[in-house]
There are 2 protein chains.
Amino acid sequence: MADDATTIQKTAKRGPSPEPAKPYHHGDLSRALVAAGRRILESEGPDALSLRAVAREAGVSPAAPYHHFKDKGELLDAVAAEGWRELGDAIARARTEAASPAVAVTEIGVAYIRFARENPALYRIMYRMACDRNTMPEHAKKAEGGIGQVAEAILAAGAQPTSALDLQLIQIAAWCTAHGIAEMVGFKEFEDLKEELGGEEAFVRAVLAHVGILSGTARAMLQHT
Amino acid sequence: MADDATTIQKTAKRGPSPEPAKPYHHGDLSRALVAAGRRILESEGPDALSLRAVAREAGVSPAAPYHHFKDKGELLDAVAAEGWRELGDAIARARTEAASPAVAVTEIGVAYIRFARENPALYRIMYRMACDRNTMPEHAKKAEGGIGQVAEAILAAGAQPTSALDLQLIQIAAWCTAHGIAEMVGFKEFEDLKEELGGEEAFVRAVLAHVGILSGTARAMLQHT
DNA sequence: CCTCCGATCTGGACAGCGTTTAGATAGCTC
DNA sequence: GAGCTATCTAAACGCTGTCCAGATCGGAGG
């Protein structure tokens, strides 16, 4: 945690070697390890993401990471945290770029699912860590720039929740839905359907269109007919 | 696959030992291995579910399973298949026991989520195997007694899909939603909310109530206001 | 400037894992 | 009873996560 400018200075002052890469004791390893982890995740998939492989990729011994993370899990959690931050950014971007408040909620959902699909291994780690270590709260905070805006987007879209609890439930429902679609959209058996609808995003939008996020008022309305 | 009545006969004809357990060469190991797997899953969690542990639990050498499954994955897949079958049963039961067709869809969702919550380790394996090995189609068929009824339940509830594709999308949406809730309902941060609503099932029903599964017609209706 | 301290990293070790191989064993068929 | 084949064991391989003793090095105190 105390390794920002200080270690970078250390790194810089060492010798005339052209690469700033392998500086001193190491430099700031924790960051390098997380980066190495992501590299492996993208190139070799989540099953290849072993502590030893990460250390190898970072050019250190298998025991080195233990001076920065108490666990393999803690390392993966750090990788996951980066993912949650990026997911939050993607959501925030989707909201500001939405054509109108009315479609912002859908666009957020699409962006969420797209992120999960473009970083499947990362998303898997993100969720696995959240479940195993119950670190969801902290991670959700990391992505709060994005996820925290969902409630506002829902309100801006014209939903009329009957209470704060109602709004909270709407938010949870939306989140669950996005997660469910994100995890299932890759199934092979949907291949034909995707093609028929003109691509994966079209498929995602079609499914999303069939899941209404309902406030209490809208629900009452529907039930009434 | 050729081990049904035949092996049971072998098992039966052997000696006066009171337990039918440890019969001959082994008996029918594949079944015993799957059972051992489930036992470990329930008592020690999914991380303890190693091939060697399963073999140990079944009382055979670590190499024995390879005569019945080509892989660790194939063994886990067999465990998962059992899970899908049971999930199918649970869904079918929920449908027939529903007070009316109108609430059957919700009851199916509740049953799905309850199953996942009561067998978290099993459900995890089920999904992991479905994703990794793309064996979802076969598994879905195993549960078809239940899952196949979802479309009928939706229609019986009075939904008016505009086309076969519309109905299919409704079904997928429902499935994604159930999966999403099933995986997220255990998060610690929802603890307070669950208590406030009077228990986990009440929480699940509340979230489900906020996710409307919409047919094309209902969707148009909502949009219209 | 030198010395010492504490953080950082290495090499080696341990148990456990999935998987393969060669060889023992036991039921089935003739 | 002999031979065949399916089944199981023992041992080994390379991999994993984790811990330990000792080497290495940057920075603080004299």
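Of the residues of chain B, which one comes closest to the rotation axis? The answer is Gly180(B), whose C-alpha lies at 1.9 Å from that axis, and the legends below start from there.

This is a predicted model, in which local features need pLDDT of at least 70 and side-chain atom pairs count only at pLDDT 80 or more, while totals for chains, interfaces and linings use all residues. Residues are numbered from 1 along each chain as its sequence is written, and chains are lettered from A, with ligands numbered from 1, in the order in which they are written.

**View 1**
Chain B is superposed on chain A by a rotation of 180° with 0.0 Å of shift along its axis, at an RMSD of 0.1 Å; the superposition is by least squares on the C-alpha atoms of residues with pLDDT of at least 70 in both copies. The two copies are therefore related as by a two-fold rotation axis. Because 97% of the interface residues of chain B are also interface residues in chain A, the copies meet through the same surface.

**View 1. The side of chain B that touches chain A.**
The contact takes 32 residues from chain B and 32 residues from chain A, two residues being in contact if their C-beta atoms, placed from the backbone, lie within 7 Å. On the side of chain B, the elements that give two or more residues are α7 (136-142), α10, α12 (200-209), β1 (211-213) and α13 (216-224), where helices (H or I, at least four residues) and strands (E, at least two) are DSSP runs numbered from the N terminus. The largest share, 13 residues, comes from α10(B). By class, this side of chain B has 21 nonpolar, seven polar and four charged residues; Ala, Val, Leu, Ile, Met, Phe, Trp, Tyr, Cys and Pro count as nonpolar, Asp, Glu, Lys and Arg as charged, and the others, Gly among them, as polar.

**View 3**
β1(A) and β1(B) run antiparallel and are joined by three bridges, and two strands pair if DSSP finds at least two bridges between them. Val211(A) has Ile213(B) as its bridge partner in β1(B). Chain A has 13 helices and one strand.

The buried residues of α12(A), residues 200-209, are Phe203(A), Val204(A), Ala206(A), Val207(A) and Leu208(A); a residue is buried if 20 or more other C-beta atoms lie within 10 Å of its own, exposed if 12 or fewer, and partly exposed in between, with C-beta atoms placed from the backbone. These buried residues pack against α5 (101-118), α10 (164-184), α11 (191-197) and β1 (211-213) of chain A, together with α10 (164-184) of chain B. The largest nonpolar core has 128 residues, of which Ile181(A), Val207(A), Tyr112(B) and Val207(B) touch the most other members; such a core is a set of buried Ala, Val, Leu, Ile, Met, Phe, Trp, Tyr and Cys residues joined through C-beta atoms within 7 Å. Leaving aside residues up to four places away in sequence, Ile181(A) touches Ile113(A), Val204(A), Val207(A), Leu208(A) and Cys176(B).

Asp77(A) lies in helix α4 (residues 72-97) of chain A and is buried, with 22 other C-beta atoms within 10 Å. Not counting residues up to four places away in sequence, Asp77(A) touches Met129(A), Arg133(A) and Thr135(A). Asp192(A), found in helix α11 of chain A, counts as exposed, with 9 C-beta neighbours inside 10 Å. Glu200(A), in helix α12 of chain A, is partly exposed, with 17 other C-beta atoms within 10 Å. Beyond its neighbours within four places in sequence, Glu200(A) is in contact with Val185(A) and Lys194(A), and its C-alpha atom is separated by 9.5 Å from that of Arg114(A), 86 residues apart along the chain.

**View 2. Confidence along chain A.**
The mean pLDDT of chain A is 85, and 85% of its residues reach 70 or more, pLDDT being the predictor's confidence in each residue, from 0 to 100. Among the elements of chain A, helix α1 (residues 5-12) has the lowest mean pLDDT (36), and helix α3 (residues 51-58) the highest (97). Over residues 1-24 of chain A the pLDDT is below 50, and this stretch has twelve contacts in the model beyond near neighbours in sequence.
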